[in-house]
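Keep the structure open while reading.

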Amino acid sequence: MVWDAACSSQVESPVLYVPSGYSFMVQSTIFTGPCQGGIVFQVNSELMPPDGPESWPKGLSRRQWLVFYQVVGMSLLVIYGLIDRKGEKWRDLPCKPHKEGNGTTLPGPCDSPIVLHELQLNSACAQKRNSPQFHFRFDNCRNVHIDSIFLSAPLGPNADGIHIENTIGVKIYNSVISNGDDCVSIGSGCYNVYVWNITCGPSHGIRQVYALRNGIMVRDSAIKSSDKGVRIKTWRGSGAVSRVTFDNIFMDNVRNPIIIDQFYCLAKECTNHTSAVLVSDVLYTNIKGTYDVHSSPMHFACSDLVPCTNITISDIELLPDRTLFVGMFMGIRRH
């Protein structure tokens, strides 16, 4: 009811305010536009979903929690508040892969909810300060700005920080993301994406997949204690990745700092396509720091039939992590 009132308000930039001093349990909800003016959704308290799969109401979507659909000019501000996914019980489902135990899984999918899912938004801004547990997905959006996000999630599968797909004009900056999967993942159909001043990790780094064109830049950022650094991965098929720049990235004990993989596959056996996604015009410059000695600092798996082209590597200084060397040496001496 409050959303409907704000959405239909004739006031310029009406504020939907979630007051401090409370905790609100919110069911799976779709906030739908179009609205009259640019809504400011300000959260000063704690928002949380039902506590796990058993508490999720029957008949409500289990794949999404808070959805914003066809809203123009919306700002989401979380100021000294908290949006808590309550993800522990979802991550413990037997259809999730786990490294502990025997690693067995049931057939998926688990239908775990996305925390914030934005669909067909235009000129959206998300800003959050002093509050962990944020997960974003943007589909078919325009002119998205994400500023001052602090995101914290335990290590585990499918805990992406910010995912964008079929979205044009994205700026992600001044943020800290620590999670179990990709800090920022850029999917197909994305144009003019600019990421800077991001601290990422522990995580799977910054990932980009097929069909990216017309300007993807990641710069002035740090990736720490992560499995991957800056990675381009593509499924075998058709499409293109082009005009991608990684500039001034600091790596701190990253297992694979720089990767291009044209043969990415989730399953053990994949269909053997005769073609591959074209990867071209990629610049790596001023990338420095340390890597895990158990893996190579740079790995390029490019197709023979559709090879990577115009890959520029400049001013790279990646050294073995000294703490790992000390640990290995001490282990040898003890033997």
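Leaving aside residues up to four places away in sequence, Tyr 284 touches Val 230, Ile 232, Phe 246, Ile 258, Ile 259, Ile 260, Phe 300, Ile 311, Thr 312, Ile 313, Ser 314 and Ile 316. The model is predicted. A search of the whole structure turns up three disulfides.

**Nonpolar core**

- The largest nonpolar core has 65 residues.
- Tyr 284 is among the members that touch the most other members, together with Trp 3, Phe 41, Ile 232 and Phe 246.
- Strand β21 (residues 240-254) gives the most to this core: six residues.

**Disulfide Cys 7 to Cys 35**

- Cys 7 and Cys 35 are joined by a disulfide, with an S to S distance of 2.1 Å.
- The link of Cys 7 and Cys 35 is left-handed, at -100° about the S-S bond.
- This pair connects distant parts of the chain, 28 residues apart.
- Cys 7 lies in helix α1 (residues 2-8), while Cys 35 is in the loop between β3 (29-32) and β4 (40-43).
- Both Cys 7 and Cys 35 are buried.

**Disulfide Cys 183 to Cys 200**

- A disulfide also joins Cys 183 to Cys 200, with S to S at 2.0 Å.
- The link of Cys 183 and Cys 200 is right-handed, with 95° about the S-S bond.
- Here too the pair links distant parts of the chain, 17 residues apart.
- Cys 183 sits in the loop between β15 (168-178) and β16 (184-186), and Cys 200 belongs to strand β17 (residues 191-200).
- Cys 183 and Cys 200 are both buried.

**Disulfide Cys 302 to Cys 308**

- Cys 302 is bonded to Cys 308 in a disulfide, S to S 1.9 Å.
- The torsion about the S-S bond of Cys 302 and Cys 308 is about -95°, so this disulfide is left-handed.
- Cys 302 is partly exposed because its relative accessible area is 26%, which lies between the cut-offs of 20% and 50%.
- Cys 308 has 17% relative accessibility, so Cys 308 counts as buried; the cut-off is under 20%.

**Cysteines Cys 141 and Cys 190**

- Cys 141 is in no disulfide.
- The nearest cysteine sulfur to that of Cys 141 belongs to Cys 190, 9.8 Å away.
- Cys 141 is buried because its relative accessible area is 0%.
- Cys 190 is buried as well, with a relative accessible area of 0%.

**Three-stranded sheet**

- An open sheet holds three strands in the order β2-β5-β8, and the pairing is parallel.
- Strands β2 (23-25) and β8 (82-83) stand at the edges.
- Each edge strand has a single partner strand, so one side of each lacks a neighbour in the sheet.
- β2 runs parallel to strand β5 (residues 46-48), and three bridges join the two.
- Which residue is the bridge partner of Phe 24 in β5? Leu 47 is that partner.
- In general, strands of a sheet pair through backbone hydrogen bonds.

Definitions and conventions: Residues numbered from 1 in each chain as written. Predicted model: local features only at pLDDT ≥ 70, side-chain atom pairs only at ≥ 80, totals over all residues. Heavy atoms only, no water. Disulfide = S-S within 2.5 Å. Helix = DSSP H or I, 4+ residues; strand = E, 2+ residues; numbered from the N terminus. Buried < 20%, exposed > 50% of the residue type's maximum accessible area, 1.4 Å probe, protein only. Pairing = 2+ DSSP bridges. Core = buried A, V, L, I, M, F, W, Y, C linked by side-chain atoms within 4.5 Å. Contact = heavy atoms within 4.5 Å.
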